[in-house]
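Good morning, and thank you for coming. Please look at the sequence and the structure as I put them on the screen.

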Amino acid sequence: MMLTNKGIYRMKRLYTWFVACCLFFVLPIYAQVRQEQAEIVVMMDTSGTILPYYDDINKRVLTEINSKFIREGDMFHLISFSAKPRHEISQKITDASDLSKIVSRFMLLYQLGQNSDLLAAFDYAKDFTQNLKTGNKEKILVIISDGIFNPPASSPYRNYSGEQVKTELAKISASIRSKGWKVYY
């Protein structure tokens, strides 16, 4: 079934309304439960292989990120990746308009990338998190991906075997965790 531009527009409006409602009503309740501030980094796969999971990500995963992690006073960072990782937005959460900016940025991510270089993304996240000035904040890294590893020909990880990929992911994850980051997949 092919979606028209009008259908895509309607889906995006419905999604925006849904996420905005979740963000605006859930955030204040959750912020009362946990008082400590956090540095939150979300790494979002934008390769074409994640497209079949787009609805689940939007309805369930992003809502869970909001309800379990984002609170007033937090600093939120979004990294997208397909062939290469890319920093999308960094936003301090002070009110509903800040959440709206994050939702808008998520809406601009298209899962159309031909490649998925998960190792390059993890490597980027490691460097990104180590360069943040987090102080005593809670540190949270959330990875949203189908786990498919299909790097472009230009990737230094292109010829890695499945075992090498697992080993490298474990090594990079351990390095991130050793700096006090909680990593969620």
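I shall speak about the salt bridges.

This is a predicted model, in which local features need pLDDT of at least 70, side-chain atom pairs count only at pLDDT 80 or more, and totals for chains, interfaces and linings use all residues. Residues are numbered from 1 along each chain as its sequence is written, and side-chain values use heavy atoms, with hydrogens and water left out.

A salt bridge here is a side-chain nitrogen of Lys or Arg within 4 Å of a carboxyl oxygen of Asp or Glu. Searching the whole structure gives 9 salt bridges.

Let us begin with K137 and E39, whose closest N and O atoms lie 3.3 Å apart. This pair links distant parts of the chain, 98 residues apart: K137 is in the loop between α4 (118-130) and β4 (138-144), and E39 is in strand β1 (residues 38-45). Helices (H or I, at least four residues) and strands (E, at least two) are DSSP runs, numbered from the N terminus.

Are these two residues buried or partly exposed? Buried means under 20% relative accessible area, exposed over 50%, and partly exposed in between, with a 1.4 Å probe and protein chains only. K137 is partly exposed at 21%, whereas E39 is buried at 3%.

Next, E138 and R71 form a salt bridge at 3.5 Å, N to O. They too join distant parts of the chain, 67 residues apart, with E138 in strand β4 and R71 in the loop between α2 (54-68) and β2 (75-81). E138 is buried at 10%, and R71 is buried at 1%. R71 and E138 also belong to a network of salt bridges with D74 and K182.
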